[in-house]
Amino acid sequence: MIPTQLRVAVVQFAPKRGQVQANIAKARELCNRLKPRSVDLLCFPEMIFSGYVFPDTAAITPYLENPYTGPTSTFCAELARSLECFVAAGYPEKLEPHEHASPLGGDNSSFHQPRIGANSAVMYGPTGERIGAYRKTNLYQLDLPWAIPGSGFMTMTLPHPLGRTTLAICNDLNVQDPAVWESLEEGPYELARHCIRSNTRLLILLNAWLHPDEESDADTDSADCTTPEQNEDTDEMEPSWEVINYWAMRLNPLWATIQKATDENEKKSDEYKIPDELLVVVCNRFGNEAGSRFAGSSALMSLRRGSGRPRVLHMMGQREEGVGLWTANMAAQ
């Protein structure tokens, strides 16, 4: 099959919590140099315009958005239409009253308020039409006081060159309660397994991923990525290899050894051919917010089944502000 090219743009900056319109203005400024039809896909991180760190339901309530007419959806629809491309972004969704959930309770006072939102993502198409939406399945601890989990991972069939596309958010990479991480061999790997089952060719991850210094219990195993230029420089304008390795490690079944890949293929019906290669777009933010520090390091990875090693194609620095414009080959559908 003749490969085709996917043109991706990821927007990375440090939003100001609660300053929605200022953050949208910053995003618009960063995207001003993009020309119509110059990219196929444009991504913004998790909850990028509201900020991410809210201690409880009361704190985030003013920033919860209508999923169709809120500021994130309005901006994304406008941008998708003007650039004639797909646009995805994360936002805090305001739930309908019948969807509200009871407080989690417990000793933490933050858990004594009803949960009235969802940590969500939305995607718009080249004519400004709403293509799809997703609610984060595996909530992080900062989501728990105010958000309900989604009902499961979502995969869409999109026009060429995107194809079968899975949209996910940040902590979806990690183990979902009550499961526990067993080992690099055993996982569990819920998101990676979903990508295999759903015949995914493109995985989009919209993140507000913390810097490793913020995660005292971070897993230190390495995925041993193959990179264009392996640089151990700790300058914050360089990417965090610890973070990128961690992301790749959590997708281990997608670049497993030849034997593992063969075993997985044998479990599949002939009706579904697992793609040999999957592209992963990780769009992360940076900056400091309410005592939390974010890791930046947005990246584009190629995961080839049976290769035994992930490959990082492009990446941004930990505190690099701007738009990463990247191109990668995708196998023809």
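These are my notes on what I looked up in this structure.

**Ground rules.** The model is predicted, so I kept to local features with pLDDT of at least 70 and to side-chain atom pairs at pLDDT 80 or more, while totals for chains, interfaces and linings use all residues. I number residues from 1 along each chain as its sequence is written, and side-chain values use heavy atoms, with hydrogens and water left out.

**Overview.** I found six helices and 14 strands in the chain. Helices (H or I, at least four residues) and strands (E, at least two) are DSSP runs, numbered from the N terminus. Of the 333 residues, 57% are buried. Buried is under 20% relative accessible area, exposed is over 50%, and partly exposed is in between, with a 1.4 Å probe and protein chains only. I then looked at contacts, meaning heavy atoms within 4.5 Å. Among contacts with a separation of 6 or more, 75% are between residues 24 or more positions apart.

**Helix α3.** I checked the length of α3, residues 71-83. The expected span is 1.5 Å times one less than the number of residues. For these 13 residues that should give 18 Å, and the end C-alpha atoms are 18 Å apart, which agrees. Its buried residues are T72, S73, F75, C76, A77, L79, A80 and L83. An α-helix has 3.6 residues a turn, so residues three or four places apart point the same way. The cover over the buried residues of α3 includes α1 (20-31), β2 (41-43), β3 (86-94) and β4 (117-124). After α3 comes E84, with a positive phi near 55 degrees.

I asked how many of the five residues of β8 (residues 202-206) are buried. Five of the five are, so the strand is largely enclosed by the rest of the structure. In a regular strand the side chains alternate between the two faces of the sheet. In β8, L202, I204 and L206 are on one side and L203 and L205 on the other, and all are buried.

Next I looked at pairing, which needs at least two DSSP bridges between two strands. Strand β7 (residues 163-169) pairs with β8 in the parallel sense over five bridges, and T166 has L203 as its bridge partner in β8. From β7 the chain crosses through helix α4 (residues 190-197) to β8, in a right-handed β-α-β crossover. Right-handed means that, with the strands pointing away from the viewer, the path from the first strand over the helix to the second runs clockwise. Strand β9 (residues 277-283) also runs parallel to β8, joined by five bridges, and L202 has L279 as its bridge partner in β9.

**T165.** This residue is in strand β7 and is buried, at 0% relative accessible area. T165 lies 39 residues from I204 in sequence and 7.4 Å from it in space, C-alpha to C-alpha. Not counting residues up to four places away in sequence, T165 touches M154, T155, M156, L158, L202 and I204.

**Helix α5.** Eight of the nine residues of α5 (residues 241-249) are buried, so this helix is largely enclosed by the rest of the structure. I list them as W241, V243, I244, N245, Y246, W247, A248 and M249. Their cover includes β9, β11 (292-295), β12 (299-304) and β13 (311-315).

**Rings.** I counted rings of Phe, Tyr and Trp (its six-membered ring) as pairs if their centres lie within 6.5 Å, with planes under 30 degrees apart as stacked, over 60 as edge-to-face and the rest as tilted. The count comes to eight aromatic pairs. F44 and F49 form a tilted pair, 5.7 Å centre to centre and with 55 degrees between the planes. F44 and F49 are both buried. W181 and Y189 have ring centres 5.2 Å apart and planes at 90 degrees, so this pair is edge-to-face. W181 is partly exposed at 22% relative accessible area, whereas Y189 is buried at 3%. Ring pairs also link F44, F49 and F75 into a cluster.

**Charges over rings.** The rule is NZ of Lys or CZ of Arg within 6 Å of the ring centre and within 35 degrees of the ring normal. The charged end of R130 sits over the ring of Y68, 4.1 Å from its centre. R250 has its charged end over the ring of W181, 3.9 Å from the ring centre.
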